[in-house]
Amino acid sequence: MPTPLRRALPLLGLSLLLSACQPPAAEAANRSPAAAQKSATQEPAAQEEPIPQFPNLPGRPDDYEGPIYAAAPAYAGLWTDGSTPEPHPLFIAVASDDPAAQQAAYRAVLNNREDDLKAQGIDVEHPQFVRVRYSGAELSQARALAWGFSGWTSIGSGFTRDNRVKVSLSLPDHLAAAKALMARHGVPEDIIEFEVPEPLPELPTDTFAPPHTARLDVPAEVALGDVLPMTFTVTNTGEEPFDVQQNLCGSLKWQVVRAEDGAVVRPQPTGGVCATFAASATVKPGETLDVIAGAPHSRRLWWDLKTPLGERVEPGEYILQMSLDDIRPQDVRFRVTAAAPDGGAADALEKLWPLQGTVNEPDGEGEFVVDSGGMQLLHITVPDALAQRTFERRAGERGVSLARVRFRHLPTPPLPPAGDAAQATLTVSEQGDSYSRGYGLDLKPDIPAAKTLLAGAQACELIFTVQDAAGELVDWTRVAEFSRDVVKPGESPYAPCPSGNDLRFGLGSHWDGELSSGEFAPAGHYTVRAGLRVIDAGGQEHWLSAAPSALEVGAAPKGE
């Protein structure tokens with residue numbers, strides 16, 4: 001599926017999979033594999049036997065370590081202690097006391113990740129084994145199940161010493177439903193560690209010191225089946241500029257109360273899936289800042305007129321309250337009316353795309369907008385006509401009106417030219433299982449060539465493409481922002497071109513083996529291309545490309 005619809009996220013090196021932590025014992029740093037195995041099997045707190053994998057749950061199709069799970073079923077992850085001098089120690093978690101299982105995990109790690117680990121200064125000659133309860137495959141299954149939880153804000157990898165998947169929920173109301181889903185799938189409750197926030201205190205009053213006005217705007221009336229869009233602006237009424245923090249995950253708070261009795265129908269959530277860095281904006285005298293839509297990588301904020309349990313509120317009068325740190329605009333009142341005859345824009349999204357972003361779902365990205373006449377519309381951005389036809393077919397099958405749905409097509413990227421190893425190398429690896437498909441796409445630039453080409457570059461774009469035997473484009477990725485290794489105060493965490501770890505460890509993407517319709521791509525021959533498009537100071541285009549890679553796609557997984 002064309003990944004721009006997954007949004008252009010910063011590219012991270014392998015180091016994110018290796019969490020820094022303390023080693024089991026300081027004196028263990030230089031033990032041999034055999035000595036480490038003996039010590040691991042003698043630890044009294046590690047006597048639980050691993051439970052079988054959960055048979056009714058597939059692993060994540062895009063799991064990076066899927067090949068290691070297949071080769072070593074007891075493998076449960078690895079990490080290092082980055083605070084120590086190089087070479088850093090390598091800890092391998094294994095859900096077994098059997099030395100043969102530990103050796104199988106060690107061999108699988110070397111076969112799949114030895115070069116990457118060595119590049120990070122990790123000692124691969126003296127692994128230290130840590131006995132845990134759950135295998136990596138089981139953690140992967142639990143993590144995949146957690147995607148189906150309502151109200152989750154973050155899902156951890158589970159590849160840490162505590163050997164649990166950590167899931168943060170936005171509201172306590174979601175906990176019971178999450179545990180019930182686990183029980184239905186036979187997943188033990190202790191494999192997931194939930195973080196549930198306490199109810200937040202009342203919203204603060206406006207104590208922001210610089211002269212300003214704050215304003216909260218919503219439609220006076222909204223029908224069930226639509227959404228409530230919100231706009232929060234701050235105007236500088238003084239003579240000096242001031243800064244407004246835009247770390248929306250932790251700073252922006254809002255809730256909805258029923259006007260009749262003050263009952264909270266939509267409590268304040270905490271956390272959120274958003275940038276993990278603090279951003280700020282300078283507001284000059286006389287300027288007005290949209291603190292929500294103006295934040296980096298944020299979009300319009302809206303409420304679906306539902307409680308945290310997914311139930312629609314009753315028609316009536318409601319009050320929206322919101323604050324950003326110590327800035328608090330006046331509350332605003334609005335009316336919720338009965339649903340429109342066509343069901344509404346949000347209703348159309350729910351019926352057309354109930355499982356968006358999962359296996360066998362069409363590609364697209366939805367956004368609610370209001371036209372000049374005040375009517376709410378659903379804009380669905382799709383990669384091609386095939387995805388649009390899929391949505392249109394679904395609308396007919398499910399009785400959904402498209403009167404308020406508009407389709408927009410993303411521009412097709414240019415095909416990276418055929419390069420060679422002097423520029424970059426492309427690796428395509430299979431990462432699926434018997435129920436799903438997955439292919440890792442990794443572009444490793446030649447560092448001297450990259451540094452020469454990137455010197456003075458004004459902009460870059462990373463492009464991956466997948467073509468079928470007829471040359472038709474079936475999948476593509478475009479990324480135009482890259483993560484910085486070091487972020488200075490007041491600086492964006494994103495750069496226009498890759499550097500540092502992105503060049504050392506490579507630039508990656510993923511294809512799920514599906515067409516934009518959500519159907520598995522037919523078996524046959526495919527060609528993968530990858531390249532970095534570079535625009536120099538004079539506006540000229542250059543490429544750092546790899547040689548195209550052939551990919552043979554087999555029959556559709558049996559889950560199809």
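**Exercise 1. What percentage of the 560 residues in the protein is buried?**

Solution. Start with the term: buried means under 20% relative accessible area, exposed over 50%, and partly exposed in between, with a 1.4 Å probe and protein chains only. By that rule, buried residues make up 47% of the 560 residues.

A word on the model before we go on. The model is predicted, so local features need pLDDT of at least 70 and side-chain atom pairs count only at pLDDT 80 or more, while totals for chains, interfaces and linings use all residues. Residues are numbered from 1 along each chain as its sequence is written, and side-chain values use heavy atoms, with hydrogens and water left out.

**Exercise 2. Find how many helices and strands the protein has.**

Solution. Helices (H or I, at least four residues) and strands (E, at least two) are DSSP runs, numbered from the N terminus. Counting them gives 10 helices and 30 strands.

**Exercise 3. Classify the ring pair Trp 79 and Phe 91, and say which strands hold the two residues.**

Solution. Step one is the rule: rings of Phe, Tyr and Trp (its six-membered ring) pair if their centres lie within 6.5 Å; planes under 30 degrees apart count as stacked, over 60 as edge-to-face and the rest as tilted. The protein has 10 aromatic pairs by this rule. Step two: Trp 79 and Phe 91 are 6.4 Å apart centre to centre with 25° between the planes, and the pair is stacked. Step three: Trp 79 belongs to strand S1 (residues 75-80) and Phe 91 to strand S2 (residues 90-94), so the pair links parts 12 residues apart in sequence. Both residues are buried.

**Exercise 4. Where is the kink in helix H3 centred?**

Solution. The bend at a residue is the angle between axes fitted to the seven residues ending there and the seven starting there. Helix H3 (residues 99-119) has a kink of about 80°, centred on Arg 113. Arg 113 is among the buried residues of H3, as are Tyr 106 and Leu 117. After H3 comes Gly 121, with a positive phi near 75°.
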